[in-house]
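The following paragraphs guide the reader through one protein chain, from its overall build to individual residues. Please keep the sequence and the model in view while reading.

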Amino acid sequence: MEWTREKRYLPYSKWDADTLLHLQAQAANSPYQMHYHLHPISGLINDPNGFSYFNGEYHLFYQSYPFGAVHGLKSWVHFKSSDLVNWESLGLAVEPDTMADSHGAYSGSAREIDGKLFLMYTGNHRDENWVRIPYQVGAWMDKNGKVADKTILFKNPDHITEHFRDPQILKQNDTYYAILGAQDKAEKHGHIDVWKSKDLKNWEELGFLDMGTDDLGYMIECPNIVRVDGHVVVIFCPQGLDKKIADYDDIYPNMYIIADDIDFENHKLINPGKLHNLDKGFDVYATQAFNAPNGKVYEISWVGLPDTTYPTDNENWANCLSQVKELSIKDGKLMQKPVSAMQELRYNEKEISDENKASQQYEAELTIKAGQKGSLYLAANDNLTSGLKLDFDTENGTLILNRSNAGQKVSVDYGETRQANFEANTDLKLNIFIDHSLIEIFVNDGEEVLTGRYFADQNNTKLAFAQKTHYNGKLWQMKTIL
Ligand code: FRU
């Protein structure tokens, strides 16, 4: 089927129920489908949206195009959870059904305000000449999950191009602030634009956030600010970033900066540090984070990249979300670790031995003793000629994830290996999560994370070292959540 522009933007009501049912069955029955991570009910998903706590539960939405593996007319699909691991699906929540979001209810955030959930997102509108107008929209969700009262809050000011989106709503003292990804008209550089409002209706632009680095590429998507252990962390996706500023391998990176504080009124980070890659693996983008009322800071990412095709495209579905991670700062570094409820998915505990039939749905926790180097195979066939390969060198403190021989290929032009570093000459602790076509590796309790998609034969379930290795570890099967 050819994805013409007309087809991508066909109103949802024009699609017939049989087509949708067929697409849902394709997504559900695919061997590559995730079973304990949020995944598409049908079609393509991308950014997590509206990650928040409301009415005693966590809420999360994702960008969805339900009718195929393309970036078509986007909507928000809603989930809720009491533990950030077991999610209940609540269906379509923000539909592209007004003039302001006629060409997609794009990404945004949410915050509980006076007993309702305030949603702030980008309404993607195109006029009859296909000129894009990025409206920033406010809407209110009640306790029954009904979204109403969509209102245009503001659009791009004159000095910003059509690339102006993904508002995060924040509050400090009595003032609301919103930060948005933006491209300025004069230089065509990427920025984070800061706005303020007292009443959520009247908004005023304060200016581009000074992050201590002048050139952050041509556009910034999905900016997020959270307070972590007395610091301010800015998580964002700079597109076209010069690799001299911060090195990365993916088509577009997801980066973070740690600063001492933020001065919203003067749109300035106080003492900002360098840019760091948030995830050392493949495919992580559009991470959304928020400060929860329990004092913890949580993040969740899209595992998928813009302008990238994946092997399940020919099954008409694509992408998934990461697990939720809890953020903290240790020795000036962002730590990302699984939330505690992840452990409740574990069952059927086994000691890891030299030859393991592990399934495609498990967690392995391994400690590899210092002073060794070698390879660990995951999702591998019996003779280890096919599988994900993890090369560890504890003398030099390097870990390399290699997906070049793990089945169907993804994004080979951007390299098939990714590296994380850790302290040399120490034991190496790994928590490895496998979910059919998704791998998440936590290094030393979250000092580094390597995430990635892989598309292996589902019969390839072996977990084994390629050589004699001193280690100990456990293996659990993981329950299905949805
Ligand atoms: C990032 C992004 C956002 C936009 C959304 C549209 O992946 O391009 O900037 O709001 O996806 O689906």
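Buried residues account for 49% of the 482 residues in the chain of this predicted model.

The secondary structure consists of 2 helices and 36 strands. Contacts also reach across the sequence: among those between residues at least 6 apart, 58% join residues that are at least 24 apart.

The domain assignment divides the chain into domain 1, residues 5-338, and domain 2, residues 341-478. Their C-alpha centres are 29 Å apart. Where the two domains meet, 31 residues of domain 1 are in contact with 34 residues of domain 2. On the domain 1 side of this boundary, strand β24 (residues 333-338) gives the most, with 5 residues. That side of domain 1 comprises 15 nonpolar, 8 polar and 8 charged residues.

Attention may now turn to the ligand. Which residues come nearest to the ligand? Of the 13 residues around the ligand, they are Gln 63, Lys 74, Tyr 106, Ser 107 and Glu 221. Two or more residues of this shell are given by each of the strands β1 (43-54), β5 (105-113), β9 (160-172) and β13 (219-228).

The later part of the sequence carries a record annotation. An unreviewed UniProt entry annotates residues 348-468 as "domain: Glycosyl hydrolase family 32 C-terminal". In the model, this span is 0% helix and 51% strand, and its end C-alpha atoms lie 25 Å apart.

Asn 472 is placed in strand β36 (residues 471-478). Is Asn 472 buried or exposed? Asn 472 counts as exposed because it has 12 C-beta neighbours inside 10 Å, and the limit for an exposed residue is 12 or fewer. Asn 472 also illustrates how the fold brings together positions separated in sequence: Thr 367 is 105 residues away along the chain, yet the C-alpha atoms of the two residues are separated by 5.5 Å.

Methods:
Residues numbered from 1 in each chain as written. Predicted model: local features only at pLDDT ≥ 70, side-chain atom pairs only at ≥ 80, totals over all residues. Domains from an automatic or database assignment. Contact = placed C-beta atoms within 7 Å. Helix = DSSP H or I, 4+ residues; strand = E, 2+ residues; numbered from the N terminus. Nonpolar A, V, L, I, M, F, W, Y, C, P; charged D, E, K, R; others polar. Near = placed C-beta within 6 Å. UniProt positions renumbered as here; feature names shortened; annotations may be inferred. Buried ≥ 20, exposed ≤ 12 C-beta atoms within 10 Å, placed from the backbone.
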